[in-house]
Amino acid sequence: MKFKSFLAKPFASYIHRQIKKGMLTALEDQENIFKDLLKTGSKTTFGEDHKLSEVKTYEDFKNAVPIRDYEQFKPYIEMVKAGKHNILWKGQPIYFAKTSGTTSGIKYIPISKESIDNHINTARNALLCFMAETGNTAFADGKLIFLSGSPELERIGNIPTGRLSGIVNHHVPSYLRSNQLPSYETNCIDEWETKLDKIVQETINQDMTLISGIPPWMQMYFDRLSQVSGKKIKDIFPNLSVLVHGGVNFEPYKAKLFESVGKTLPTIETYPASEGFFAFQDSQNAEGLLLNTNSGIFFEFVPAGEIFDEKPTRLSLKDVKVGENYALIINNNAGLWGYNIGDTVRFVSTNPYRIVVTGRIKHFISAFGEHVIGEEVEYSLLKAAAEEGVHITEFTVAPMIKQDTGKSYHEWFVEFENAPANMAEFALKVDNNLRSKNIYYDDLITGNILKPLEIKPVHKNGFIEYMKSVGKLGGQNKVPRLSNDRKLVDELVKWTD
C-alpha cells in the first residue's frame with residue numbers, strides 16, 4: 001500500500017462514521033441551519049425587504065419569502081454585481097459561478113466564504129464513503145481526472161467569476177495536485193475538441209485510476225482514446241477502478257460506456273450544481289443519493305404539479321413522502337432564498353433521506369396535457385433497448401403537433417450505437433412502456449387523440465455535431481431529454497435522413 005492510500009484509509013473511516021451519524025440527525029440539522037440562515041440573513045438588504053428578523057417559524061418564513069427563479073431573483077444579483085455589500089448575505093460573495101440558463105441567459109450564482117466548503121467537502125465525502133465501504137483506497141495513488149471548465153476567472157463587480165468546475169479547480173487539496181490531470185494549461189483551453197485532444201495526449205500513457213465527468217463527456221473521451229490507440233479502455237488504463245459522474249442520468253449511457261471500457265466498473269453518482277452540492281451516492285448497495293442535510297442548505301420541496309401555482313404547497317424535509325415527485329427549492333449560506341433551481345426529485349427513502357433526480361421543471365412534454373417527464377422517457381427507452389440488445393448513444397423527445405391532417409404524436413430523435421432490427425416494433429415497445437408509466441399519455445393514445453410515438457434515427461455523432469453547431473460542445477453542457485416545443489429538434493433534423 002502506498003503512502004496516500006495508506007493515509008486515506010483511516011480518514012475515510014472517520015468521515016464515513018460522521019456521515020452515518022448525520023443520517024440520524026438530519027431533521028435537527030435542517031432546523032439548526034434554518035435558524036443560522038435567518039440570523040445572518042436578517043441583517044441583509046434581502047432580509048430587511050422580507051422582514052426576516054420577524055420570522056420565527058417555517059410557516060412565518062413561507063409567508064415572508066416567496067419562491068423565485070433566477071429571473072425573479074435577478075434584481076438582488078444585479079446589486080451585488082454593482083459592488084454593493086450585505087445584499088443577500090453578509091459582505092460580498094467570494095465568487096460568482098457563471099452558468100447558462102435556458103430562459104435567463106447567463107446566470108451569476110453567488111458563492112460565499114461559508115458556502116464554498118459545501119462544494120469542496122461533498123465531492124471529497126463521496127470518494128471517502130466509497131473507500132470506506134469498498135476498501136478500495138488504491139486509486140488515491142494513481143492519476144485522477146477532474147475535468148473542469150477553464151480555471152481562468154474574470155471579474156464581475158470585482159468578484160472572481162467563472163464556471164463552477166473552474167472555481168472548484170482552485171480548491172483541489174494540495175495532496176491531490178500531483179495526481180490531478182489534465183494540466184492547468186489544458187484545462188484553460190476553451191475550444192472543446194482541441195482540449196479533448198490535449199487531454200488524450202496527457203493521459204494516454206498515465207496510470208489513470210479515477211475518471212470524473214458527465215457521461216457524454218466520458219464517452220467522447222473514451223472514443224478518442226480508442227481511436228488513437230486501437231484498444232479498449234481497460235487495456236489502456238488497467239488500474240482504472242472507479243467512474244464518478246453527475247449532471248445527467250447515468251443509465252442511458254452506461255451500456256455503451258462499459259462496452260468502451262471492456263468491463264463493468266464501480267461508479268459514484270453526485271448531484272452538484274452552481275447553487276450547491278445537494279446529494280451524493282454514499283453507498284454502492286443502496287438506491288439513490290444521500291441528501292446533504294448538514295452543509296449550509298435548508299431544503300424545501302414543492303409537489304411538482306404545483307410548482308407553477310401562485311401559492312404552491314411548500315414542505316420542509318420532515319413532511320416529504322417516498323415516491324412523490326417534488327420541485328427542489330433551496331435556501332443557502334450564499335444568500336439564495338426560496339430559490340427554485342429547476343430540478344425535480346423523488347425520495348426513495350426517508351431513513352435516511354435519499355433521492356433520485358427525475359428531471360427538469362421546464363424539460364417536459366405537455367403539449368396535449370400529458371406532462372411526460374424525463375424519468376419516464378428514460379425508463380421507456382432503456383427498457384426496450386435492454387430487451388432488444390440495443391445500445392443508445394443519445395436521444396431527445398419533442399411533440400409533433402399536426403395542424404392539418406393526421407394525428408399529433410411524440411417524435412423521438414435517437415442516436416443508436418446499434419439500431420434495432422425492426423424500428424417500428426421497437427418504437428411500439430417504447431410507446432407501450434411510456435403508456436405504462438404515464439396514465440395521461442395512455443389516455444391520449446387510448447382515446448385516439450394522439451397516435452403512438454415515432455422514432456427518427458440520428459446519424460452517428462449527430463448530437464455532437466448539433467452541440468458543436470450551437471456552441472455547446474463539451475464541459476458540463478448536455479442535451480435536454482425533453483422539450484415542449486420543436487426549437488431543438490428543428491435544428492437536429494439536419495443530422496437525420
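A: Pro-272 stands opposite Phe-277 in E10. The two strands involved are E9, residues 267-273, and E10, residues 276-280, which pair in the antiparallel sense over 4 bridges. Strands pair here if DSSP finds at least two bridges between them. Strands (E, at least two residues) and helices (H or I, at least four) are DSSP runs, numbered from the N terminus. In general, strands of a sheet pair through backbone hydrogen bonds, either parallel or antiparallel.

The model is predicted, so local features need pLDDT of at least 70 and side-chain atom pairs count only at pLDDT 80 or more, while totals for chains, interfaces and linings use all residues. Residues are numbered from 1 along each chain as its sequence is written, and side-chain values use heavy atoms, with hydrogens and water left out.

E9 and E10 belong to an open sheet of 11 strands with mixed pairing, in the order E6-E3-E7-E8-E9-E10-E11-E15-E14-E13-E12. Strand E6 (180-181) and strand E12 (297-303) stand at the edges with a single partner strand each, so one side of each has no neighbour in the sheet.

Helix H6, residues 116-134, lies across E9 and E10, and also across strand E3 (143-146), strand E7 (208-212), strand E8 (242-246) and E12. H6 runs at about 15 degrees to E10. Such angles run from 0 to 180 degrees between N-to-C directions, and axes are lines fitted to C-alpha atoms, for helices over the stretch in contact. Contact means heavy atoms within 4.5 Å.

One joins Leu-181 and Pro-182, with omega about -5 degrees; Pro-182 lies in the loop between E6 and helix H9 (184-187). Another runs from Asn-351 to Pro-352, with omega near 5 degrees. Pro-352 lies in the loop between strand E14 (339-350) and strand E15 (353-360).

A further strand pair is E4 (residues 154-156) with E5, antiparallel over 3 bridges. The bridge partner of Glu-154 is Thr-161 in E5. E4 and E5 form a hairpin with 2 residues between them, and Gly-157 in the turn has a positive phi of about 60 degrees. Asn-158 also has a positive phi, about 65 degrees, although it is not a glycine. Asn-158 lies in the loop between E4 and E5, and it is exposed, with a relative accessible area of 60%. Exposed means over 50% relative accessible area, buried under 20% and partly exposed in between (1.4 Å probe, protein chains only). In strand E5 (residues 159-162), Ile-159 and Thr-161 point one way, Pro-160 and Gly-162 the other way, and all are buried.

There is also an open sheet of 3 strands with mixed pairing, in the order E16-E17-E18. Its edge strands, E16 (391-400) and E18 (454-457), each pair on one side only. The twist averages 25 degrees from one strand to the next. E17 (residues 409-418) and E18 pair in the parallel sense over 4 bridges, and Trp-412 stands opposite Ile-455 in E18.

Helix H13 (residues 251-261) lies across E16 and E17, at about 155 degrees to E16. Helix H17 (residues 462-469) also lies across E16 and E17, at about 115 degrees to E17.

H13 has a helix partner as well: the axes of H11 (residues 215-229) and H13 come within 10 Å and cross at roughly 25 degrees. H11 and H13 are therefore roughly parallel to each other. Angles under 35 degrees count as roughly parallel, over 145 as roughly antiparallel, 65 to 115 as roughly perpendicular and the rest as oblique. H11 passes H13 in a left-handed crossing; left-handed means that the near helix is turned anticlockwise from the far one by less than a right angle, right-handed that it is turned clockwise. Residues in the contact include Met-218 and Phe-222 of H11 and Tyr-253 and Leu-257 of H13. By class, the residues of this contact divide into 7 nonpolar, 2 polar and 2 charged. Ala, Val, Leu, Ile, Met, Phe, Trp, Tyr, Cys and Pro count as nonpolar, Asp, Glu, Lys and Arg as charged, and the others, Gly among them, as polar.
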